[in-house]
Amino acid sequence: MNAPERFELQQTRFIRAPREKVFDAFTDAAMLQQWHSPRGMNVTHSRCDARAGGEWQLAMQARDGTRLAVGGVYREVKRPERLAYSWAWQGENSPMAGLETLVEVDFVARDGGTELRLRHSGFPAPAASEAHAVGWRSTLNRLIDRVDERGSAATLTLLGDVRSTYTRTVRMALAEKGLAFTLQPCAPHSPEILAVHPFGRIPALRDGEVTLFETSAIVRYLDECFGPAALLLPGSQLARAQCEQWVSAVNAYLYDTMARRYVLQYFFPRGADGQPDRGVIDGALKEMPAQLAALDKAYGAGDWLAGGALSMADLFVAPILAYVERMPEGPALLAAVPNVQRAQAALRRRDSFIRTDPGQPPEGATP
Ligand SMILES: N[C@@H](CCC(=O)N[C@@H](CS)C(=O)NCC(=O)O)C(=O)O
C-alpha cells in the first residue's frame, strides 16, 4: 500500500542579525516567549532542552482567551547552522492533535546578516500546510521585530505620502503605539502601490510578507496585533460601534466633501486657467456646515468621538480638519463649531499629531 501523501511549506527571510543571535532565539526559552506565536497571540509558557533528543513545549493564548499548546523533540541541534525538531499540537481541541510534523531551520550567513530558511513538512492536507504558512509568516515577523537591528522597521513598511490625510491617520496610529516602521513614499496609482493595493489608493501596509490596504483595516491590525493591549479601539461594544460609525462616516461622506471636493480643489486646481473649480468648492461648502455640526454634537463636552478617550475615529478626523482650517473659508466654518475646535486643540497637543505634521521631516525609517 502507498504511504499517504504529505504536504510541506517553505519560507525564507533575511534578518539583519548574526546567525548566533537568530539561532539562540529558537533555543532559549525566555527568547521563545517573546516571539514564538502569530501576531495578536502571546506565549504564556515555554520550555526547551535544546539538544538532540531533548524536548520543547510552548503554550500560546489569543486575545479572546483561546489557548493552544504545541511541542516536540529536537532531532538536530547544530549551532549556529541548523535546527530540526518534531512539532505536534497538543490538546483534544486541536484538529491536528497527535499528528507529528517536522520543522527544519537553516541559518545561512549572508550580507552581514542571516538568511533563515524554514521548512515545515509532513502535513496531511494542503489546507493544513497553508494554515501553518499563515502562522509562520506572522510568527517570523515577530522574530524579526525582536532580533533584527531595525526592530519592527524591518517588518512594517507604510506605503503612502506624508501629505495624504489617510496616510497621516496610520502614521499617528504608529506613533500612538510607539512602533518603528519604514516609510516608503509612493503616489496613488503608482506601480508600487498597485502591487499591494488593488484600487491604487494610499496608504497600504506591508508587514513582512503580509499586505493590507484600507486605513481602518491597517489601524485595527496595528492596534490589535502590537503591544499588550488595544489603545485605539474602545473597550465597550457601544463605544466600538460609535468609533466604527465615525470611521465609516469619514470614508463615506466627510473625506469626499472636506478633502476631495474642498481642500484638494485648492491644492490641485482643476478649473479653467489652472484656478480652483469654484463650482466644486461651493458645492462642498454647502454640505460642510451640516457635517461639522454633526461632529460638534458628537464631541459634546468631551474631546473624543467614542468611549471618552482617543480612538481610531479621532485619528481619521483630525488630519482632514487640520487642512480645512488652513483653507480660505476654514476659520469661519470652524468658528461655528466650538466643540470641534476644543477637541482638535486637545488632539493637536499629542506627540503623534505634532510628529506627523506634513511639513516636518517624516519620522519613519527609509527603505
Ligand atoms: N478608503 C480608503 C481611502 C484612501 C484614499 O482615498 N486615499 C487618498 C489619499 S488621502 C487617495 O489615494 N486618493 C487617490 C484617488 O482618489 O485616486 C482608505 O481608508 O485607505
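Analyst: A disulfide is counted here when a pair of cysteine sulfur atoms lies within 2.5 Å. The model is a predicted one, in which local features need pLDDT of at least 70, side-chain atom pairs count only at pLDDT 80 or more, and totals for chains, interfaces and linings use all residues. Residues are numbered from 1 along each chain as its sequence is written, and side-chain values use heavy atoms, with hydrogens and water left out.

User: How many disulfides does this rule give?

Analyst: A disulfide is a covalent bond between the sulfur atoms of two cysteines. When the rule is applied to this model, the number of disulfides is zero.

User: Which secondary-structure element holds Arg117, and is the residue buried, partly exposed or exposed?

Analyst: Helices (H or I, at least four residues) and strands (E, at least two) are DSSP runs, numbered from the N terminus. By that numbering Arg117 sits in strand S7, which covers residues 113–123. Its relative accessibility is 39%, so Arg117 counts as partly exposed.

User: What is the distance of the polar contact between the side chains of Arg117 and Glu115?

Analyst: Contact means heavy atoms within 4.5 Å, and, leaving aside residues up to four places away in sequence, Arg117 touches Gln11, Thr12, Glu104, Val105, Asp106 and Val108. Of these, Val105 is 12 residues from Arg117 in sequence, with the two C-alpha atoms 5.6 Å apart in space. A polar contact is a pair of N or O atoms within 3.5 Å; within protein, one must be able to donate a hydrogen and the other to accept it, and residues adjacent in sequence count only if both atoms are side-chain atoms. The polar contact that joins the side chains of Arg117 and Glu115 has a distance of 2.7 Å.

User: Which helix gives the most residues to the lining of the largest pocket?

Analyst: On a 1 Å grid over the protein atoms alone, a cavity is a set of points where a 1.4 Å probe fits but cannot get out, a pocket is an open set with protein on both sides within 12 Å along at least five of seven lines, and lining residues have an atom within 4 Å of a point. The largest pocket holds about 1000 Å³ of space, and of its 30 lining residues the closest to the centre are Ser164, Pro188, Ile202, Tyr255 and Leu264. Helices H4 (165–177), H6 (215–225), H7 (237–267) and H9 (312–324) each supply at least two residues of this lining. The helix that gives the most, with 10 residues, is H7.

User: Which residues line the largest cavity?

Analyst: A search of the whole structure finds one cavity of 30 Å³ or more. The largest cavity has a volume of about 50 Å³, a volume being the space filled by probe spheres set on grid points that are joined across faces, edges and corners. The residues that line the largest cavity are Phe26, Leu32, His36, Trp56, Tyr74 and Tyr85.

User: Which proline is joined to Ile202 by a cis peptide bond?

Analyst: Most residues other than glycine have a negative phi, and most peptide bonds are trans. A cis bond joins Arg79 and Pro80, with omega about 0 degrees, and Pro80 lies in the loop between strand S4 (67–78) and strand S5 (82–90). In the other pair, with omega about 5 degrees, the partner of Ile202 is Pro203.

User: What is the phi of Asp111?

Analyst: Asp111 belongs to the loop between strand S6 (101–110) and S7, and the residue counts as exposed because its relative accessibility is 65%. Asp111 is a residue other than glycine, yet its phi is positive, near 45 degrees.

Methods: Buried < 20%, exposed > 50% of the residue type's maximum accessible area, 1.4 Å probe, protein only.
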